[in-house]
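Open the model in your viewer and keep the selection tool ready.

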Amino acid sequence: MAHPRVTIVGATGAVGKVALTVLEERAFPMESLRLTASPRSVGRTVTFKGEELTVEATTPAVFAESDIAFISANDDISRDMALAAKERGCVVIDDSGVWRMDPEVPLVVPEINADDVDAHNGILAIPNCSTTPLVMALDALRQASPIRRVIAATYQSVTGTGSAALAELEEQSRDYFAGNEARTDQYPHPIAFNLLPHVGSFRDGGHTSEEMKMLNETRKILHEPGLPVSATCVRVPVRVCHSEAVNIEFERPISPGEARELLANYPGIVVVDDPATNAYPMPLDGEGKDEVFVGRIREDVALPNGLALWLVSDNLRKGAATNAVQIAEEVVARGLWRYGAAKPAVEATA
Ligand code: A2P
């Protein structure tokens, strides 16, 4: 078998659908592709490269016949199925927050820490979709000077929550204009024509889980365990793309021009920064693209050696599916997908 057998768990979801597109676009080499989802989607068909694939139940047995599994469903599925897959010699690339901070699990943005893939023990994790673009910008800029601290405010789209949240935004928008009361299910308050300073769940001290992810994951990916990162995460009524206002203090001064050059030369980052023509990154322009877009690069007058910038990134692509496929490419290139012991050919029970 020259190429891995691949399974997407959560193939009918917001990230899973984009993963299918990304696998096709990047011509990821596969022996076979299987799709799984919740029981309600079993039997549905999905077209991939002109071929009809039937969605299957998410059972451990699937992994006995898979070499690489992308999991993007929910925390419970990630918790259970990642272990089931690993036990069956299938390498997991997981999109949930369940595994990211496990010391045995590499948390990877290939532009930054691709070599961390080598240490995988069956499970690898992709970062949270607002962490990925931030760490890429920080990695580009720390080439000029060590970073002392980072302050970020995020503006996160509803697809970060999933397809049901997108449907809710659309329905609430229609209800708003029709004068009907908003029906809320995905969030504690209406998201249409509103902002919620609440992404994830509240933790001790008043931080949200999303804000703690930005701190802890940034430290792990950059291998900077003491880096202070203060984040305020806000859900906004945007379909796709997370945006972030970022303020960075450096040990040494960096001019906006130098920062622009470092960012423009970094793989996967595009600088869009021409105030004279109102050119700056926006979610509507970033949707469907793999690059992280950075603009509004300027001196931060409130921080010593400070820079302020604005970034936009498609949360379903580089924030999730694209980064996951890039990790899989690293796993394949390093010959690390033939993991564990020989697989049983067929598993009797699911
Ligand atoms: P389904 O479409 O059958 O509900 P999103 O992030 O857009 O909400 O998508 C979540 C993905 O996770 C979907 O593919 C969804 O399948 C899948 N999923 C949700 N619950 C389960 C479950 N219990 N077992 C397997 N897949 C699940």
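A pocket is found on a 1 Å grid over the protein atoms alone: it is an open set of points with protein on both sides within 12 Å along at least five of seven lines. A molecule sits in a pocket if more than half of its atoms lie within 2 Å of its grid points. Select the ligand: the space it takes is the largest pocket.

This is a predicted model, where local features need pLDDT of at least 70, side-chain atom pairs count only at pLDDT 80 or more, and totals for chains, interfaces and linings use all residues. Residues are numbered from 1 along each chain as its sequence is written, and side-chain values use heavy atoms, leaving out hydrogens and water.

Next, select the 16 residues around the ligand; Thr-12, Ala-14, Ser-38, Ser-41 and Ser-163 come nearest. (Near means a heavy atom within 4 Å.)

Now show the side chains of Ser-38 and Arg-40. An N or O atom of Ser-38 is 2.5 Å from a ligand oxygen. For Arg-40, the distance to a ligand oxygen is 2.9 Å.

Methods:
A polar contact is a pair of N or O atoms within 3.5 Å; within protein, one must be able to donate a hydrogen and the other to accept it, and residues adjacent in sequence count only if both atoms are side-chain atoms. On a 1 Å grid over the protein atoms alone, a cavity is a set of points where a 1.4 Å probe fits but cannot get out, and a pocket is an open set with protein on both sides within 12 Å along at least five of seven lines; lining residues have an atom within 4 Å of a point.
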